[in-house]
Amino acid sequence: MSNTPIELKGSSFTLSVVHLHDAQPEVIRQALEDKIAQAPAFLKNAPVVVNVASLDGSVNWKKVQQAVTATGLRVVGISGCKDEALKADIERAGLPLLTEGKEKIARAPKAAPVEPVVVAAPDVSPVTKTRLIDTPVRSGQRIYAPNCDLIVTNHVSAGAELIADGNIHIYGMMRGRALAGANGDRDAQIFCTNLVAELVSIAGEYWLSEQIPADYYGKAARLNLAGGALSVQSLY
């Protein structure tokens with residue numbers, strides 16, 4: 001047992017991001033309640049990050065925060081904030097300002113060409129390309145593949161959840177939830193040999209079971225994003 005009372009370690013969590021495009025508290029509350037009603041098992045009381053990059057002008061942050069929390073969502077941080085006054089309001093509310101991993105960084109001007117310098121590469125650990133699960137995934141289990149693809153070669157029960165920053169492959173009956181592109185990768189895809197999922201999602205765009213087109217339900221299917229919306233095709 002450690003002699004210190006605490007340990008500080010890095011970790012990785014999958015969170016939904018709520019992108020606000022309107023600063024009116026009542027509009028936000030109603031829109032969130034509509035979304036939660038569509039997927040209560042997935043969103044009810046969920047921890048979320050609120051992205052405010054699209055909000056312009058004066059924002060009453062206290063009322064906006066109250067509108068979000070009134071729906072039961074748990075705000076764990078704010079991202080995309082560039083307005084100094086809004087930053088100050090958020091900090092006074094005791095919420096952390098987060099920087100999303102894929103936010104664009106301004107490029108510096110190109111420098112004049114220089115002679116290349118050869119540097120010996122340091123020893124590094126092998127990069128994990130996939131996470132492979134051979135056993136059945138039972139109800140209540142959650143499997144996450146950070147920074148890689150997830151392959152399941154067995155059945156996935158209702159109530160189970162698969163999450164991957166990359167693609168998800170299920171070679172078996174898929175009755176649970178599959179969330180690919182969890183870090184925002186809109187090129188991620190889901191491949192499934194028997195699609196009867198409760199929910200499928202790519203980069204936050206999702207379908208519930210009743211939204212999966214009937215022609216592909218229970219079939220071998222491939223899902224991706226096309227034109228910003230989920231699309232499905234036959235796998236074979």
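Predicted model: local features only at pLDDT ≥ 70, side-chain atom pairs only at ≥ 80, totals over all residues.
Biologist: Which residues of helix 3 are buried, and why are they on the same side?

Modeller: An α-helix has 3.6 residues a turn, so residues three or four places apart point the same way. In helix 3, which spans residues 61–69, the buried residues are W61, V64, A67 and V68. These residues are on the same side of helix 3 because they cover an arc of only 120 degrees around the axis. They pack against helix 1 (25–38), strand 2 (47–51), strand 3 (74–79) and helix 4 (84–92).

Biologist: Is R177 buried or exposed, and what does its side chain join?

Modeller: Buried means under 20% relative accessible area. R177 has a relative accessible area of 15%, so it is buried. R177 lies in strand 10 (residues 177–180). A polar contact of 3.1 Å joins its side chain to that of E161. Leaving aside residues up to four places away in sequence, R177 touches G159, A160, E161, L162, E198 and L199.

Biologist: Where is H169 placed, and which residues does H169 touch?

Modeller: H169 belongs to strand 9 (residues 168–174). H169 counts as buried because its relative accessibility is 15%. Beyond four places in sequence, H169 touches D149, L150, I151, V152 and F191.

Terms used: Residues numbered from 1 in each chain as written. Heavy atoms only, no water. Buried < 20%, exposed > 50% of the residue type's maximum accessible area, 1.4 Å probe, protein only. Helix = DSSP H or I, 4+ residues; strand = E, 2+ residues; numbered from the N terminus. Arc of directions from axis to C-beta. Contact = heavy atoms within 4.5 Å. Polar contact = N/O pair within 3.5 Å; in protein donor to acceptor, adjacent residues only side chain to side chain.
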